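Q: Hey, I've got a structure to look at for class. Please take me through it in plain words.

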Amino acid sequence: MTKKIFEWSKTQRIHLIGWSLFIFFEITLIGLAAGAFGKPLNYLLHYVLNIILFYTNAHLVLAKSFKKTNSWTRVCFLMLIQIGLYIFLRSILNYILSDSSKEFNVVTIVENYRSFFQSLWRGLFFIGLSCFYYLFIEYKEERTKREKAEKQEYLNNIRTKEMENELNVAQYEYLRAQINPHLLFNTLSFLYDSVRKFNEDAGQAVLNLADLMRFSLETRESPEEFPRLEEEINQIHNLISLNKIRKNQHQYIDLSFSEEVKNFRFIPLVIITLMENMLKHGNLKKPDQPGSLNINLSDGELSIKTTNLINTKIHQSGFNKGMENIRKRLSLAYSDKFTFSYEKRDEIHYDVTLVLRLYNLPNTNL
C-alpha cells in the first residue's frame, strides 16, 4: 500500500507541489492581512472541496462536453449545476464547522448574503483556474499528437528514401549483371542449329533455355510493364522441361491456375524462382505425392501456393536467401499489401504461400 502511494505521489508530484504552494501562500497572505488564522480542519475540508471542484470541471465537464454536439450549451448548463452544488456543500460545511444552533435549510443559504457571495466567488475562481488547466492539457495533447505525426512522417520519409535507395541498388545490380542479349540469343540460336542435328532433346533444351533467358532479360520491374502471368507460366513449362532433360528422369508436378489468372499483370520471376526452388530442393519422384503449384484469383486476392516433398539428400543452403529475395522484391513492388510465408508443414512436406491483396493496386487488369 505504501509503495503504491509513493508511486502515485511520484507521478503526481507536479500537482502536489503546485497545490501545496498555492494553499501555503493563500493561507499565509490572507491570514496576515486579516490578522488571524483559521483552524487546520477548516482549511483542510474547504480545500478538499475546492480541489474536487477544480478537477471535476476540467476532467469531466469540459473534457466530456467538448467531445459532443452543442458543447457550449452543455458546458454552461453543467457549470451552473456545479456552482449550485458547490455553494450548497460549502454552506453545509460552514454550518457544521460553526457549531451553530440555528436550523439549516436552503433559505438560510440565500439569506446569508456574505457567505453566499463568498461561496459564489470561490466557486467561480476555481472553475476559472480549472478552465486554464483544461486548455493547457488540450494544448499539451495536441502538441504531442503533432509531434507524433511529424515523427511518423519523418520515419515514412526515411523509409521511402531507403526503399528508393534499395530499388536503385537493385536496378544497378540488374544492369551490371546483364550481358548483351543479342550476343546471348545469337549464340544460343547457333547452338540450337548445331546440336539438334545430333540430339533432339539437347536442341530442345537449348531452345527452352533461350526462351527462358529472353523472358528473364526483357521483362520490366515497373508496375506499368509487369508481364502477364500467362507469359511466366509458359516459362514454367520450359523450366520443367529443362530440368527433366538435365536429370534424365520424370518429375511429377501439378500445375493449377484459373483462366482469369492469365491476364493478370504481376511482378516477374517470382513464380519462376518458386518453381526453381521446388525443382532444386524438392523430391518430385513420387507420382502419388507430386509437387504442386496453385495460382488462384478470387475475392480481391491473388494467391500463389507451392507444396512439395522435401529432398533430404540435398543441402538446403541458399533456399532462404532466394525466399528473402522474393520478399524484398514484393515489398518494393507492393509495399505492405502482401503476405509471404514458407515453412515445413511436417517432417516431409514444405509449403510456400503468397497472398496479394488487390485493392487499390494499379495496372492489375481487374
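Q: Let's start with a cysteine. What's the relative accessible area of Cys76?
A: Cys76 comes out at 45%, which makes this residue partly exposed. On this scale, buried means under 20% relative accessible area, exposed means over 50%, and partly exposed is in between (1.4 Å probe, protein chains only).

Q: Before I go on, what am I looking at?
A: It's a predicted model, where local features need pLDDT of at least 70 and side-chain atom pairs count only at pLDDT 80 or more, while totals for chains, interfaces and linings use all residues. Residues are numbered from 1 along each chain as its sequence is written, and side-chain values use heavy atoms, with hydrogens and water left out.

Q: New topic. How many salt bridges does the structure hold?
A: There are 6. The rule asks for a side-chain nitrogen of Lys or Arg within 4 Å of a carboxyl oxygen of Asp or Glu.

Q: Which residue pairs with Arg159?
A: Glu162, with the closest N and O atoms 3.9 Å apart. Helices (H or I, at least four residues) and strands (E, at least two) are DSSP runs, numbered from the N terminus.

Q: Which residue does Arg327 bridge to?
A: Glu324, at 3.5 Å from N to O. Both lie in helix α11 (residues 319-334), 3 residues apart, about one turn of the helix. Arg327 is partly exposed at 29%, and Glu324 is partly exposed at 36%.

Q: And what does Lys262 meet?
A: Its salt bridge is to Glu259, 3.3 Å from N to O. Glu259 counts as exposed, at 56% relative accessibility.

Q: Let's do surface patches. Which residues gather in the patch of positive charge?
A: Lys64, Lys67, Lys68, Arg74 and Lys145. Lys68 lies in the loop between α3 (40-65) and α4 (71-98), and is partly exposed at 49%.

Q: What's the rule for a patch?
A: Members have over 30% relative accessible area and no salt bridge, with like charges joined within 9 Å and nonpolar side chains (Val, Leu, Ile, Met, Phe, Trp, Tyr) within 5 Å. Lys and Arg count as positive and Asp and Glu as negative, leaving out His and the chain ends. Each charge is placed at NZ of Lys, CZ of Arg, CG of Asp or CD of Glu. Accessible areas use the Shrake-Rupley method with a 1.4 Å probe, and for residues only the protein chains shown count as cover.

Q: Which residues make the nonpolar patch?
A: Ile17, Leu21, Phe24, Phe25 and Leu29, covering about 540 Å². Leu21 is in helix α2 (residues 13-34) and is partly exposed at 46%.

Q: Last one: what's the phi of Asp299?
A: About 55°, a positive value although Asp299 is not a glycine. Most residues other than glycine have a negative phi. Asp299 is in the loop between β3 (291-298) and β4 (301-310), and is exposed at 71%.
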